[in-house]
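Dear colleague,

Please find below the structure for your review. My notes on its features follow directly after it.

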Amino acid sequence: MFYYFDPLYLVFAIPAFLISLIAQMRVQMVFSKYSRVRTFSGLTGAEVAKNILWSNGIYDVRVEYVPGLLTDHYDPRFRVLRLSQGVFDSNSVAAVGVAAHEAGHAIQHYQKYPWLALRTAMVPVVNIGSNLAFPLILIGLLLKNGDIFINLGILLFSLAVVFTLITLPVELNASKRAVEALKVSGVILPDEEIAVKKVLGAAAMTYVAAVSVAILQLLYYLSLVQRRRDD
Ligand SMILES: [Zn+2]
């Protein structure tokens, strides 16, 4: 309960909330703007993704439709590339950019790109760790000799911060591969390349926002520990 009534919590939570809100709004605005701009080549997101996969020798990744807005992702477990409603059937600049980006993740997986391998390996640890971190810190704060719980909680949450950092090179590299593939294959023209870069750049900022939010949360936990030591 005190988690929500701690006034200092707001000092960290309000900037974190604003950072993610602005990043989310921006990616949606940029995506929506370039969703209305058709490419000259006229290929749809699904066609572009398949072309990029095939030209990289990848034939065992399925390209599927997934409902929702900007829910596009590559699933390495099932080797499925899922494209959302504004991407799968659309021949907009935004759609081909997103589709090529997801294909970029499939190529990373196929070529065993180390940052993606590390990120995938960290997923189960981080899922458990980020859920356990706060309860552990809370138990540690309530117990008289609870330092071991606090330290374990901080360590687990630090792993979650590292995870958001490792996500950055994975995302930037997928976008770099996307732009290259679109250019080489002639799917986009030079002036369309600028628009694709804007869409992918706005998407990358949501991952930068996630790093900031995770760091703010870690700083809040550290501030709880500091205040306990001061008491
Ligand atoms: Zn991505």
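**Salt bridges**

At 40% relative accessibility, E180 counts as partly exposed, where buried means under 20% relative accessible area, exposed over 50%, and partly exposed in between (1.4 Å probe, protein chains only). This is a predicted model, in which local features need pLDDT of at least 70 and side-chain atom pairs count only at pLDDT 80 or more, while totals for chains, interfaces and linings use all residues. Residues are numbered from 1 along each chain as its sequence is written, and side-chain values use heavy atoms, with hydrogens and water left out.

The side chain of E180 forms a salt bridge with that of K183 (3.7 Å, N to O); the term denotes a side-chain nitrogen of Lys or Arg within 4 Å of a carboxyl oxygen of Asp or Glu. Both E180 and K183 belong to helix α7, three residues apart, about one turn of the helix. Helices (H or I, at least four residues) and strands (E, at least two) are DSSP runs, numbered from the N terminus. K183 is partly exposed as well, at 38%.

Eight salt bridges are found in the whole structure. A network of them links R62, E64, D75, R77 and R82. D75 is buried at 6% relative accessibility, whereas R77 is exposed at 66%.

**Zinc site**

The zinc ion is coordinated by H101 (NE2), H105 (NE2) and E171 (OE), at 2.0 to 2.1 Å. Since H105 lies in helix α5 (residues 93-110) and E171 in helix α7 (residues 147-184), the pair ties together parts that are 66 residues apart in sequence. Donors are N, O and S atoms within 2.8 Å of the metal (3.2 Å for Na, K and Ca); water is not among the atoms, so sites may look incomplete. H105 and E171 are both buried.

**Annotated segments**

An unreviewed UniProt entry lists residues 6-23, 121-142, 148-168 and 199-222 as "transmembrane region"; its positions are given in the numbering used here, feature names are shortened, and annotations may be inferred rather than shown by experiment. In the model, residues 199-222 are 100% helix and 0% strand, with the end C-alpha atoms 36 Å apart. T206 is located in helix α8 (residues 190-230) and is buried, at 16% relative accessible area. Leaving aside residues up to four places away in sequence, T206 touches A23, Q24 and V27, contact being heavy atoms within 4.5 Å.

Yours sincerely
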